[in-house]
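Please keep the structure in view while reading.

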Amino acid sequence: MNLTISDTSVFKRLRIVLVDTSHPGNIGAVARAMKTMGFSDLYLVNPRFSDALTHPEAIAFASGAQDILSAAKIVDKIEDALLGCHYVAAVSARLREFSPPIMNPRDFADKVVNSNALSAALVFGSERYGLPNEIVLNSNVLINVPANPDYSSLNLAQAVQILVYECRMQSLARENSSEKFGVSDVGFQGEMASSEQIEGMYNHLEQALIEIDFLDPENPKKLMPRLKRLFSRAQLEVEEVNIMRGISKKMMDWKK
Ligand SMILES: C[S@@+](CC[C@H](N)C(=O)[O-])C[C@H]1O[C@@H](n2cnc3c(N)ncnc32)[C@H](O)[C@@H]1O
């Protein structure tokens, strides 16, 4: 079945981000996994080899997906890879004490495919160390593939393949149901806040909490991670971020 690729289609709204990847062969295999499922937006954050996209191993493993490699972008910082994304999903084999809500790949696909206004990023960790805690904490959700608990670490490209396959399947199911039932786009009420806007809100709120002596910068405990976890469950819209920033500003003005 051929999928119609509209501007709001998940194929244009989902970005794959690879952090600190060591093996160029894995990058090529990721490009292949993406292309087989119809995805093309690939970012590499600080790969081990600066020529990762033209490395012979990357090209060999990409097989016919070299166009995805050629169009991929290399950046130094995760923030640059997430520009323009509203919804960030950290993908990890490891569950942590402090993390955003946990989702499986199928539920993630359901959410992203059926939310037309959402530009999402799936962020994958390095082969040896996985994802840093800080990236996980700043994400909206943590995606875990519920694999064999005794041997749960998939190869990087296989993990990508599972996620993009689920998104394609969900997209096919949606196409089918809209053909059958004439279901139109459901959409959000307001414009979704981007990751930069949410990050700005966290910084503002943190400053305000310090200002009113609620947060001790010398002994912050887990206040900000807990607040981030709270907000990550809420799917903030731009208007809501602005309200939170307005409250933070007022708190700081009062303290002066
Ligand atoms: C080889 S794994 C890294 C394993 C690493 N030792 C760790 O502790 O996370 C490379 C990447 O694939 C993804 N991955 C592998 N297995 C996964 C699983 N069961 N669930 C979710 N992501 C997984 C994650 O993004 C991970 O960072």
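Strand 4 and strand 6 (residues 120-124) pair in the parallel sense over five bridges; helices (H or I, at least four residues) and strands (E, at least two) are DSSP runs numbered from the N terminus, and two strands pair if DSSP finds at least two bridges between them. Ala-90 has Val-123 of strand 6 as its bridge partner. Strand 4 also runs parallel to strand 7 (residues 141-143), joined to it by three bridges, and there Ala-89 is partnered by Val-141.

The model is predicted: local features need pLDDT of at least 70 and side-chain atom pairs pLDDT 80 or more, while totals for chains, interfaces and linings use all residues. Residues are numbered from 1 along each chain as its sequence is written, and side-chain values use heavy atoms, without hydrogens and water.

In a regular strand the side chains alternate between the two faces of the sheet. In strand 4, Tyr-87, Ala-89 and Val-91 on one side and Val-88 and Ala-90 on the other are all buried, that is, under 20% relative accessible area (1.4 Å probe, protein chains only).

Rings of Phe, Tyr and Trp (its six-membered ring) pair if their centres lie within 6.5 Å; planes under 30 degrees apart count as stacked, over 60 as edge-to-face and the rest as tilted.

| Pair | Type | Centre to centre | Angle between planes |
|---|---|---|---|
| Phe-11 and Phe-39 | tilted | 4.8 Å | 40° |
| Tyr-87 and Phe-108 | stacked | 6.4 Å | 10° |

Because Tyr-87 lies in strand 4 and Phe-108 in helix 6 (residues 105-113), their pair ties together parts that are 21 residues apart in sequence.

Methods
Buried means under 20% relative accessible area, exposed over 50%, partly exposed in between (1.4 Å probe, protein chains only).
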